[in-house]
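Welcome! Take a moment to look over the chain below, and then let us walk through it together.

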Amino acid sequence: MKTYSAKPSDIKRKWYILDASEASLGRVSTLAANLLLGKHKPMFTQHIDVGDYVVIINADNLKLSGNKLENKIYYHHSGYPGGLKKITAKDKIAKDDARFLIKH
């Protein structure tokens with residue numbers, strides 16, 4: 001039996017709409033990542049993009065479990081000495097809720 005490798009001509013992409021108000025951040029992120037990578041398809045090949053298109057709606061109603069809204073801290077370093085910056089999940093969502101799902 002030979003190993004199957006997807007060819008660019010075999011790829012058929014679909015559009016998916018995910019509602020972010022129905023599940024928590026981690027579940028929505030995991031589902032979106034699997035759809036974007038194409039891991040749900042039987043023709044999944046790691047070195048070829050076989051993923052689908054994903055649109056996430058209702059990002060402003062995103063759920064975080066427990067006290068993560070106040071206690072979860074995201075760190076970013078500018079690359080300069082003393083350039084460590086931190087922001088809470090609450091402030092990050094208030095700044096731009098759609099971007100929070102993309103880079104969290």
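Helices here are DSSP runs (H or I) of at least four residues, strands are DSSP runs (E) of at least two, and both are numbered from the N terminus. With that in hand, the chain of this predicted model holds four helices and four strands. The chain is more spread out than a compact globule, because its radius of gyration is 18 Å, well over the 13 Å that the globule rule gives for 104 residues. Along the principal axes, the C-alpha atoms fill a box of roughly 55 × 40 × 20 Å.

**Surface, contacts and charge**

How much of the chain is buried? Of its 104 residues, 26% count as buried. The accessible surface comes to about 7900 Å², and carbon and sulfur atoms account for 55% of that surface. If you look at contacts between residues at least 6 apart in sequence, 57% of them join residues at least 24 apart. As for charge, the chain carries 18 positive and 10 negative side chains, and the centres of these two sets lie 8 Å apart.

**An aromatic pair**

How many aromatic pairs does the chain have? The count comes to one. Its partners are Trp-15 and Tyr-53, which are stacked, with 4.6 Å from centre to centre and 25° between the planes. The planes count as stacked because they are under 30 degrees apart. This pair links distant parts of the chain: Trp-15 sits in strand S1 (residues 15–19) and Tyr-53 in strand S2, 38 residues apart.

**A residue to look at in the loop**

Where is Asn-58? You will find Asn-58 in the loop between strand S2 (53–57) and helix H2 (68–71). Asn-58 has a positive phi of about 60°, although it is not a glycine.

**Accessibility side by side**

Here are the residues named above, with their relative accessibility. To read the table, recall that exposed means over 50% relative accessible area, buried means under 20%, and partly exposed lies in between.

| Residue | Relative accessibility | Class |
|---|---|---|
| Trp-15 | 61% | exposed |
| Tyr-53 | 37% | partly exposed |
| Asn-58 | 32% | partly exposed |

Within the stacked pair, then, Trp-15 is exposed because its relative accessibility is 61%, while Tyr-53, at 37%, counts as partly exposed. Asn-58 in its loop also counts as partly exposed, at 32%.

Methods
Residues numbered from 1 in each chain as written. Predicted model: local features only at pLDDT ≥ 70, side-chain atom pairs only at ≥ 80, totals over all residues. Heavy atoms only, no water. Rg over C-alpha atoms; globule rule 2.2 N^0.38 Å. Buried < 20%, exposed > 50% of the residue type's maximum accessible area, 1.4 Å probe, protein only. Contact = heavy atoms within 4.5 Å. Areas by Shrake-Rupley, 256 points an atom, 1.4 Å probe, with all protein chains shown as cover. Lys, Arg positive; Asp, Glu negative; His and termini not counted. Charge placed at Lys NZ, Arg CZ, Asp CG, Glu CD. Phe/Tyr/Trp six-rings, centres within 6.5 Å; stacked < 30°, edge-to-face > 60°.
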